[in-house]
Amino acid sequence: AARGGSVPGPSVSGTGGCNDVDGGNVRVNQECTNQSPAALLGRAQAQNETAIAVNPRNPRQLLAGQNDYRHGDGGCGADWSFDGGRHWGSGLAPHGFTAPGFTGARHYWNAAGDPSVAFDSSGEAYLFCLVFDRAAPTSDAESTASGLVLFRSPNGGASWNFPASPVKLTTGDGSDGIGLLDKPYMAVDTSKASRFRDRIYVAWAEYNVDFTADPIGFAWSEDHGATWNLTGAISGTSPELCPVNFSGAPAGTCDANQFPQPFTAPNGDLYVVFQNFNNAAAGDDNRSQILIVKSTNGGASFGPPVKVSDFYDLPDCLTYTGHDPGRSCVPTAPLSDRSIFRATNYPSAAATSDRRVVVTLASYLNRHSNPTRGNCTPAGFNPDTGLPR
């Protein structure tokens, strides 16, 4: 039966005919699982970096997103429910190309991911997506382009506008000083008390060409994503909080960051909370920190960074397994020299009507780790990867 006019209803047994129910759990992404050779296990099966949103006008309408590998490589998956999560429809955002391209009428993207989802106060649904081209060492393609694009849906995620609205695009060749746009997250202000109601806020990590810095980039839209206002880098400076620099920027520049999450307070105040690594100490101390910045003018400008908490990130895979340089993972030594768990921790936050801000985060390595049982204790950073060990 149709829902919401001509929108097809979610499938009970799976969009691809693959019924996958475990006890009382309901599978959100409804496609069948692909099969891959041993060398590529996980690449075509994984669904990760999930997000979910609830329609403020209809709490039974849900929208989820994930890195989606149903077509073999990553895409921005979107899943939607009209009955409070009992049944789901599932698909991919149409991120095949954006128009115009860098030099032609279109630019075709060969992968996508890192989606975030939201609704505005009218029930319009949005999906913010990273699009990119894979280059060396995993591809022989020449392109290193990446982009941040926004999709809009009038039917809860069952279909999307095409092509998407570009927030920011880069060739990745260094001509604009950008090497990669990464980890985009989104918030929509739906508060009736806010003078910025229905303004869309997006934040991301913006790597330079040699990947020695990634300040937090920011943009906002007040016309449902049709046009965008770019604020610039918002992660700020603080000699006390950011004493260590990897990029040659002026002392105190907080430009080693990741996982920015924007969120709003009922009065319209805007916050962005993010990981920061400019506090890396010498010796065995390899703490990182969570910072937060605040805007009272709808994202036009932000105050200086404030420290939320220290945290310990997952350790370097290469140090403990000899595999996967440049990635963090859960060590399984001495049981195994491989880890089947790739994970990270990033902050999630909310603001209340009484001026409180609540931030949740994870911290994996600390003074209570037990090395006699195969656990890890902080031991500085691997100079080859820059990751904790």
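Student: Why does Phe263 count as buried?

Tutor: The relative accessibility of Phe263 is 5%. Buried means under 20% relative accessible area, exposed over 50%, and partly exposed in between (1.4 Å probe, protein chains only). Phe263 therefore counts as buried. This is a predicted model, in which local features need pLDDT of at least 70 and side-chain atom pairs count only at pLDDT 80 or more, while totals for chains, interfaces and linings use all residues. Residues are numbered from 1 along each chain as its sequence is written, and side-chain values use heavy atoms, with hydrogens and water left out.

Student: How many aromatic pairs does a search of the whole structure find, and what makes the pair of Phe259 and Tyr346 stacked?

Tutor: The search finds eleven aromatic pairs. For Phe259 and Tyr346 the ring centres are 5.1 Å apart and the planes stand at 20°. Rings of Phe, Tyr and Trp (its six-membered ring) pair if their centres lie within 6.5 Å; planes under 30 degrees apart count as stacked, over 60 as edge-to-face and the rest as tilted. The two rings are therefore a pair, and a stacked one.

Student: Which parts of the chain does this pair link?

Tutor: Phe259 belongs to strand 15 (residues 257-264), and Tyr346 to the loop between helix 1 (317-321) and strand 19 (348-351), 87 residues apart. Helices (H or I, at least four residues) and strands (E, at least two) are DSSP runs, numbered from the N terminus. Phe259 is buried at 8% relative accessibility, whereas Tyr346, at 34%, is partly exposed. Phe263 and Tyr271 also form a stacked pair, with 5.2 Å between centres and 15° between planes. Tyr271 is buried, with a relative accessible area of 11%.

Student: How do you know that Cys242 and Cys254 form a disulfide?

Tutor: Their sulfur atoms are 2.0 Å apart, and a disulfide is a pair of cysteine sulfur atoms within 2.5 Å. The pair therefore meets the criterion. The torsion about the S-S bond is about 105°, so this disulfide is right-handed. Both cysteines lie in the loop between strand 14 and strand 15, so the link ties together parts twelve residues apart in sequence.

Student: Which residues form a disulfide with sulfur atoms 2.1 Å apart?

Tutor: That disulfide joins Cys76 and Cys129, one of three in the structure. With 90° about the S-S bond, the link of Cys76 and Cys129 is right-handed. Cys76 is buried at 0% relative accessibility, and Cys129 is likewise buried at 0%. A further disulfide joins Cys317 to Cys329, with S to S 2.3 Å.

Student: What makes Cys242 and Cys254 contacts of Leu291?

Tutor: Contact means heavy atoms within 4.5 Å. Leu291 touches both cysteines, and its contacts beyond four places in sequence also include Val272, Phe274 and Pro305. Leu291 lies in strand 17 (residues 288-295) and counts as buried at 0% relative accessibility.

Student: Why are strand 11 and strand 14 placed at the edges of their sheet?

Tutor: Four strands form an open sheet in the order 11-12-13-14, with antiparallel pairing. Strand 11 (178-188) and strand 14 (229-230) each have a single partner strand, so one side of each is left without a neighbour in the sheet. Two strands pair if DSSP finds at least two bridges between them. Eight bridges join strand 11 to strand 12 (residues 200-208), so these two strands count as paired.
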